[in-house]
Every structure is written in structure tokens, then in C-alpha cells.
Amino acid sequence: MDYQNRAGSKFGGGGVASFSSSNADRRERLRKLALETIDLDKDPYFFKNHVGSFECRLCLTVHQNDGSYLAHTQGKKHQTNLARRAAREQREGGGGNRHAGIDPVTGLPTSVVASFGGGNGAAGVKRNAVKIGRPGYKITKIRDPVTRQQGLLFQLQYPDAGVDMTPKWQVMNAYAQRVEDPDKNFQYLLVAAEPYETVGFKIPVRELDKREERQFCFWDPDAKEFWIQVMFMTEREERFNAAPGLGGRK
């Protein structure tokens with residue numbers, strides 16, 4: 001870093017660095033340090049969105065260039081979140097056993113299976129239900145003619161479902177499952193209903209519009225059909241939500 005060619009400093013003497021210069025020098029040192037230990041192609045939390053910005057999937061932060069992201073990985077927030085995630089995986093993984101805490105039927109974490117009704121009311125107790133196969137399904141691409149939002153409409157058939165049974169669904173990150181190799185470009189929409197197997201659909205990693213009139217589900221107990229509609233934010237809305245200090249739709 002050049003300390004002598006600043007306004008107000010004598011030739012040969014290092015002038016007092018300004019706050020912005022010191023901050024830029026610190027970020028550059030952190031970037032060089034991160035380049036020695038991090039390969040962005042193998043970083044599961046590194047993601048380049050459609051507007052050219054870089055995102056940290058772990059901390060949910062947005063960066064304008066890879067240098068900013070690399071400096072972020074050496075910061076306190078990222079390191080703290082890494083430690084928390086490692087501690088959680090260690091706790092759920094049973095002290096080093098990779099398959100401990102994973103449901104052998106679905107390949108999902110037992111906590112996710114329990115949230116779908118895999119337990120009988122007590123935490124950690126699994127019901128011995130006999131699975132009868134996967135449900136029939138139909139997926140339709142939809143688009144709102146007014147807002148130009150794209151979405152998906154899922155229709156699943158459960159002809160042998162019980163009278164008091166209501167299917168449940170949720171969206172899960174690709175790194176929370178063990179069935180396939182994680183792909184940062186996709187997330188999973190899971191649907192569970194006894195006595196059928198839990199099914200998962202790969203959908204693009206795009207922000208979902210979670211407003212009630214945009215995202216909903218409906219269970220028809222007479223026809224034994226379950227409907228799910230999810231709508232994606234438009235590119236303009238995603239870009240607006242990614243801007244710091246601006247709030248988007250909830």
C-alpha cells in the first residue's frame with residue numbers, strides 16, 4: 001500500500017491513512033488470505049444470482065464482487081455461522097456418524113420427517129407405518145398475466161389416504177437432504193401424507209412470493225387430491241429485495 005503519495009504528506013514519509021484507505025487495504029488483505037484457503041468452485045455457500053451479484057447462502061448476504069464475498073468469509077459473522085452449523089450437524093449426526101439422524105426411508109433429517117408427522121406426538125419417537133408407494137402427481141407451469149410472475153401448480157392424488165389425514169408440505173434447502181448430491185441451483189418442495197412415501201420436487205432456487213393469495217395449498221377430502229401453488233418473485237422484485245435498506249414483499 002502506498003503511504004507516501006498522499007496529499008499533505010512529505011516525500012519519503014508515510015502519511016496518516018484515512019479510514020477509507022485503511023478499510024480498502026484490510027479488505028484486500030482478507031481477500032488474498034481467503035484465496036489461499038478457499039476455492040469458490042467448491043464453496044457450497046457461494047452463489048451468483050441472475051443480476052450478477054454474489055450471495056452467501058449461509059449468512060444471506062449480497063456482495064457486488066467475489067473479493068467482497070471472500071472478505072466476508074473471513075469475517076466474524078460468517079465464521080460464527082459456520083461454527084453454529086458445524087455444531088448442529090455434529091449434534092444431529094450423532095458424533096461423527098454421517099448417517100445418524102437421517103431417516104433411512106426418505107434420506108431426510110429426522111427433524112424434517114418429524115415435522116411432517118413422522119412422530120406420534122413425542123419428540124424422537126418414530127411411527128412404524130407401512131408405506132404403500134408414491135402418489136400420482138401432475139405439475140403445471142402457470143403465469144400471472146398482470147404481475148408476470150411465474151409459478152408452479154402441483155396436483156397430487158392420495159386415493160388410499162385416511163379420513164383424518166391431511167398432507168403437509170414445505171420447501172427445503174438442497175444441503176439439508178442426503179438423497180442426492182447437493183445442487184446450489186435447486187431447492188426441494190416436499191409433500192408427505194401417510195401411508196404414502198414422502199415425495200420431493202426439485203424447483204429453481206428463486207425467492208418465493210409467500211403472500212396468502214399467491215402461495216397456498218388445498219386438500220380435497222372427497223376427491224383425495226392435494227393442491228399446492230407456489231409463485232416466484234419477478235426478477236425486478238428479487239433485485240429490489242436484494243438492495244440493502246429496502247424492504248420487499250412479505
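Which strand and which helix are among what covers the buried residues of helix 3? The close-ups below take up this question and several others. The model shown is predicted.

**Figure 1. The whole chain, as a starting point.** The protein chain has 250 residues, and 34% of them are buried. Its secondary structure comes to 5 helices and 10 strands. Take the contacts with a sequence separation of 6 or more: residues 24 or more positions apart account for 49% of them.

Figure 2. Helix 3 runs over residues 76-92, which is 17 residues. From first C-alpha to last, helix 3 reaches 24 Å, close to the 24 Å expected at 1.5 Å a residue. Its buried residues are H78, N81 and R85. These cover an arc of only 65 degrees around the axis, so they sit on the same side of helix 3. K76, R84 and R91 lie on the other side and are exposed. Now the opening question can be answered. The cover over the buried residues includes strand 2 (54-56) and helix 2 (66-73).

Figure 3. The buried residues are G67, Y69, L70, A71, H72 and T73. They pack against two helices, helix 1 and helix 3. They also pack against strand 1, strand 2 and strand 3 (61-63). Look next at the N-terminal end of helix 2, which N65 caps. A side-chain oxygen of N65 lies 3.2 Å from the backbone nitrogen of G67.

**Figure 4. Y45 is a buried loop residue.** Y45 lies in the loop between helix 1 (19-37) and strand 1 (46-48). Why does Y45 count as buried? Its relative accessibility is 15%, and buried means under 20%. Not counting residues up to four places away in sequence, Y45 touches E55, C56, R57, L58, Y69, L82 and R85. Two of these partners deserve a second look. L58 is 13 residues from Y45 in sequence, but their C-alpha atoms are 5.8 Å apart in space. With R85, Y45 makes a side-chain polar contact of 3.2 Å. R85 is one of the buried residues of helix 3. Y69 is one of the buried residues of helix 2.

**Figure 5. The side chain of N49 reaches two backbone nitrogens.** N49 lies in the loop between strand 1 and strand 2. With a relative accessible area of 9%, N49 is buried. A polar atom of its side chain lies 3.2 Å from the backbone nitrogen of V51. The side chain of N49 also reaches the backbone nitrogen of S53, at 2.9 Å.

Figure 6. E225 is in strand 10 (residues 225-231). E225 does have a polar partner: its side chain joins that of Q155 in a contact of 3.3 Å. Leaving out residues up to four places away in sequence, E225 touches Q155, L156, Q157, F218, W219 and D220.

Figure 7. Most residues other than glycine have a negative phi. Phi of R148 is near 65 degrees, a positive value. R148 lies in the loop between strand 4 (136-143) and strand 5 (150-157). Is R148 buried or exposed? At 55% relative accessibility, R148 counts as exposed. Phi of K224 is near 55 degrees, also a positive value in a residue other than glycine. K224 is found in the loop between strand 9 (216-220) and strand 10.

Figure 8. Most peptide bonds are trans. The bond from E194 to P195 is cis, with omega near 5 degrees. Where is P195 found? P195 is in the loop between strand 7 (186-192) and strand 8 (199-204).

Conventions. Residues are numbered from 1 along each chain as its sequence is written. This is a predicted model: local features need pLDDT of at least 70, side-chain atom pairs count only at pLDDT 80 or more; totals for chains, interfaces and linings use all residues. Side-chain values use heavy atoms; hydrogens and water are left out. Helices (H or I, at least four residues) and strands (E, at least two) are DSSP runs, numbered from the N terminus. A polar contact is a pair of N or O atoms within 3.5 Å; within protein, one must be able to donate a hydrogen and the other to accept it, and residues adjacent in sequence count only if both atoms are side-chain atoms. Contact means heavy atoms within 4.5 Å. The expected span of a helix is 1.5 Å times one less than its number of residues. Buried means under 20% relative accessible area, exposed over 50%, partly exposed in between (1.4 Å probe, protein chains only). The arc is that of the directions from the helix axis to the C-beta atoms.
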